[in-house]
Amino acid sequence: MFFLLTLSVGTLYSANTWVNGYKTAIEIKETTLFGDKSAATGITIESLTHYANHLFWETQFTTEDPLELTTAFTFSQARKNAERTSPPQMMLSSNIDFGMSGNGLDLEAEQSLALKPAADVATRTPNGEMRTETVLLSDYYAFYPLSMDVDTPNGFDNKTHTAHIVTNYFQIPVPKRHMLDVSVTKSSTGQLTTIDTQSISGSISLYAESLLSSSGYYYIIKSYDEHNGNSMVLPHKVSGIHFLPFQKVGGISEPNLTHMNCVYTFENETVRALSLMQDVEDQTLLLITEENDVIMLSVIDQDSMTLIQKTEITKASPDVSFSEIKSFGDFLVAYFSDQRFYLLSKTADRHYELQMSENFPEIVNMAYMPFDRMQMTYAHDRLAIAFYKEQYKSSLYLIVYDKTGLAYVGQYDQNTDRTPERQNHKNVVPLDQAPLRITFIYK
């Protein structure tokens with residue numbers, strides 16, 4: 001027994017030593033895909049990955065020659081699931097197209113849906129049958145019926161029963177060309193069992209892009225034609241930055257829809273809102289618009305809602321659409337559908353200047369550039385971009401631009417990516433929240 005105990009202890013100790021020897025043995029293979037690696041000198045990347053939310057690695061490397069690489073490893077007996085957080089928001093919806101089924105549908109209970117056409121067709125539907133009619137939405141509504149869903153600091157506050165207030169506030173006219181097919185089915189006893197409405201021409205989609213402040217929401221309205229993707233001209237009173245204030249009810253903040261107002265009006269109704277951001281440090285709103293065939297950035301003082309600066313980003317094109325803009329503290333990057341981006345850096349007095357206009361490179365096996373997953377840093381006329389090759393891989397790409405344009409593209413493969421593709425969900429993967437950091441190191 002003593003011999004077996006000694007052997008067991010020795011085996012456990014040896015196994016522990018053997019396993020511990022590999023826990024930080026992260027290796028990175030560097031491959032230059034374009035340019036000269038010297039353009040990437042002094043860039044430090046920190047990659048945070050995990051396996052099954054039990055094993056965690058913080059791998060940091062600096063792009064010297066050779067790579068300066070360090071890894072810290074931690075183990076958690078309990079599964080550490082990252083909280084999936086999303087910023088609070090408010091949503092605007094016009095529920096024209098929908099489907100419903102059940103035993104004895106109650107049209108009175110569904111106040112957020114545009115049910116007038118269905119209710120009308122139901123009056124002509126015989127018991128035990130289905131009837132389909134093509135109708136004009138404008139025969140039932142002068143303005144698009146709208147509703148709001150609002151996240152508050154206290155949680156989710158569903159405001160679908162305020163459709164009348166929201167509709168009257170915006171008053172977006174229903175065009176005469178908006179036609180829809182309405183199908184209604186009744187049971188043999190006359191109860192409504194299915195309703196289906198589907199727009200077939202002239203329909204629009206409405207979206208609200210919002211920013212949460214301590215006192216309410218700033219938001220813009222965006223609209224698109226469902227069938228051709230073109231933007232729709234909205235009434236002038238809708239074309240601006242709106243504010244939905246909070247009010248205290250029993251010590252809890254709730255949205256006060258009766259006090260919504262437009263706090264920044266556009267010059268005319270042809271100005272189309274594309275995006276709205278906030279610079280918390282400078283107390284400004286950053287508005288992207290399309291006007292007079294130009295994509296513009298407007299910097300607006302949040303307290304007075306007065307314009308600080310308006311500057312051109314690029315000319316608008318019918319073949320190219322604005323995709324997204326991201327803020328990285330002291331600079332912004334606007335991304336377009338043709339894989340082109342524009343970098344604007346912050347200067348004194350809360351102004352921005354266009355510093356760079358480049359295309360993302362075509363990288364092997366990359367169908368598109370994952371702009372939403374990119375981390376960037378910019379200094380001394382040099383922009384460095386890092387992103388993971390895939391959401392389920394810990395290997396990554398590094399792209400560097402300088403004054404001359406694209407200077408370097410490198411691929412950095414970690415040896416944790418060993419699992420076959422069909423099992424990639426079991427691989428070492430990036431953290432869900434903030435999995436990547438990139439900085440310049442100047443010696």
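Colleague: Hi! What ground rules apply here?
Modeller: Residues are numbered from 1 along each chain as its sequence is written, and side-chain values use heavy atoms, with hydrogens and water left out. This is a predicted model, where local features need pLDDT of at least 70 and side-chain atom pairs count only at pLDDT 80 or more, while totals for chains, interfaces and linings use all residues.

Colleague: Thanks! How do strand 3 and strand 4 pair?
Modeller: Strand 3 (residues 55–62) and strand 4 (residues 68–75) run antiparallel, joined over eight bridges. Strands here are DSSP runs of E, at least two residues, numbered from the N terminus, and two of them pair if DSSP finds at least two bridges between them.

Colleague: And how many residues lie between strand 3 and strand 4 in the hairpin?
Modeller: Five residues. Thr62 stands opposite Glu68 in strand 4.

Colleague: Which strands make up the open sheet of four?
Modeller: The order is 17-18-19-20, with antiparallel pairing. Strand 17 (272–279) and strand 20 (307–315) are at the edges with a single partner strand each, so one side of each has no neighbour in the sheet. On average, neighbouring strands of this sheet are turned by 20° against each other, direction ignored; the axes are lines fitted to C-alpha atoms, and angles run from 0 to 180 degrees between N-to-C directions.

Colleague: What stands opposite Leu276?
Modeller: Leu287 in strand 18 does. Strand 17 and strand 18 (residues 284–291) pair over seven bridges.

Colleague: Which residue has a positive phi in the hairpin of strand 19 and strand 20?
Modeller: Met305, near 55°.

Colleague: New topic: how many aromatic pairs does the structure hold?
Modeller: There are 17. Rings of Phe, Tyr and Trp (its six-membered ring) pair if their centres lie within 6.5 Å, and planes under 30 degrees apart count as stacked, over 60 as edge-to-face and the rest as tilted. Tyr169 and Phe170 are edge-to-face, 4.8 Å centre to centre with 85° between the planes. Phe328 and Phe331 are stacked, at 5.2 Å and 15°.

Colleague: Is Phe331 buried or exposed?
Modeller: Phe331 is buried, with a relative accessible area of 2%. Buried means under 20% relative accessible area, exposed over 50%, partly exposed in between (1.4 Å probe, protein chains only). Phe328 is buried too, at 17%.

Colleague: Last one: where does the charged end of Lys326 sit?
Modeller: Over the ring of Phe371, 5.7 Å from its centre. That label needs NZ of Lys or CZ of Arg within 6 Å of the ring centre and within 35 degrees of the ring normal. Phe371 also belongs to one aromatic cluster with Tyr335, Phe341, Phe360 and Tyr401.
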